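Welcome, and please open your viewer.

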Amino acid sequence: MPARLVPLVSGLIRPIPLERPVVLIGRHQECDAQVAHSRISRRHCCVAQIAGGLVIRDLGSHNGVRINGERIEEAALEDGDEIAIGPILFRLDWPRSSHEGSEPVAPKAETPEIDSGDLVPLDDD
């Protein structure tokens with residue numbers, strides 16, 4: 001299931017799917033997710049998929065973006081975060097976010113020991 005922003009007040013606003021590499025959120029008709037509210041800027045914020053994670057960025061909106069109550073300019077998102085876009089509160093529903101993008105770390109390859117007797121001097125041409 002793709003990530004989505006689920007409004008915490010039901011009925012007025014539909015969930016916002018975050019299926020595209022960048023999702024533009026605002027009042028303007030060209031936004032990917034239109035939120036018709038007077039305190040939402042025309043181009044309020046965007047959510048981008050970056051390196052297997054999600055990042056939200058405020059696009060200079062008047063009423064800002066808050067993650068778990070803290071106003072941000074840009075921040076990484078985690079499943080369950082509460083995101084206030086202007087006065088509207090959403091919850092990030094992304095149950096696989098803690099598993100995606102966290103690939104197992106391969107052990108470092110060991111550097112073979114070099115015997116100084118194996119070294120060959122280079123010619124200075």
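## First stop: the largest pocket

The largest pocket has a volume of about 220 Å³. A pocket here is found on a 1 Å grid over the protein atoms alone, as an open set of points where a 1.4 Å probe fits, with protein on both sides within 12 Å along at least five of seven lines. Grid points are joined across faces, edges and corners, and the volume is the space filled by probe spheres set on the points.

Select Ile13, Arg14, Pro15, Ile16 and Gln34: among the 13 lining residues, these lie nearest the centre of the largest pocket. Lining residues have an atom within 4 Å of a point. Strand 2 (16–17) and strand 4 are the elements that give two or more residues to this lining. By type, the lining divides into nine nonpolar, three polar and one charged. Ala, Val, Leu, Ile, Met, Phe, Trp, Tyr, Cys and Pro count as nonpolar, Asp, Glu, Lys and Arg as charged, and the others, Gly among them, as polar.

## Step back: the whole chain

Before you go on, note that this is a predicted model, in which local features need pLDDT of at least 70 and side-chain atom pairs count only at pLDDT 80 or more, while totals for chains, interfaces and linings use all residues. Residues are numbered from 1 along each chain as its sequence is written, and side-chain values use heavy atoms, with hydrogens and water left out.

Switch to a cartoon view. The protein has zero helices and eleven strands. Helices (H or I, at least four residues) and strands (E, at least two) are DSSP runs, numbered from the N terminus. Of the 125 residues in the protein, 34% are buried; buried means under 20% relative accessible area, exposed over 50%, and partly exposed in between (1.4 Å probe, protein chains only). Among contacts with a separation of 6 or more, 31% join residues 24 or more positions apart, where a contact means heavy atoms within 4.5 Å.

Two strands pair if DSSP finds at least two bridges between them.

Zoom in on strand 3 (residues 22–26), which pairs with strand 4 in the parallel sense over two bridges. Here Ile25 has Ala33 in strand 4 as its bridge partner.

Next, select Ala51, in the loop between strand 5 (45–50) and strand 6 (53–58). Its phi is near 50 degrees, a positive value in a residue other than glycine. Ala51 counts as exposed because its relative accessibility is 81%.

Is His44 buried or exposed? His44 is buried, because its relative accessible area is 0%. You will find His44 in the loop between strand 4 and strand 5. Its side chain reaches the backbone nitrogen of Ser41 at 3.0 Å.

Select strand 10 (residues 82–85). Three bridges join strand 7 to strand 10, and the two run antiparallel; Val65 stands opposite Ile85. Strand 10 is also joined by four bridges to strand 11 (residues 88–93), again antiparallel. These two strands form a hairpin with two residues between them, and Gly86 in the turn has a positive phi of about 60 degrees. Strand 11 is joined by four bridges to strand 1 (residues 4–7), running antiparallel, with Arg4 opposite Asp93.

## Last stop: Glu82

Which residue stands opposite Glu82 in strand 11? The residue is Arg91. Glu82 counts as partly exposed because its relative accessibility is 37%. Leaving aside neighbours within four places in sequence, Glu82 is in contact with Leu8, Arg66, Ile67, Asn68, Leu89 and Phe90.

Finish with Asn68, whose C-alpha atom is separated by 4.9 Å from that of Glu82, 14 residues apart along the chain. Asn68 lies in the loop between strand 7 (65–67) and strand 8 (70–72), and its phi is near 50 degrees, a positive value in a residue other than glycine.

Definitions and conventions:
A polar contact is a pair of N or O atoms within 3.5 Å; within protein, one must be able to donate a hydrogen and the other to accept it, and residues adjacent in sequence count only if both atoms are side-chain atoms.
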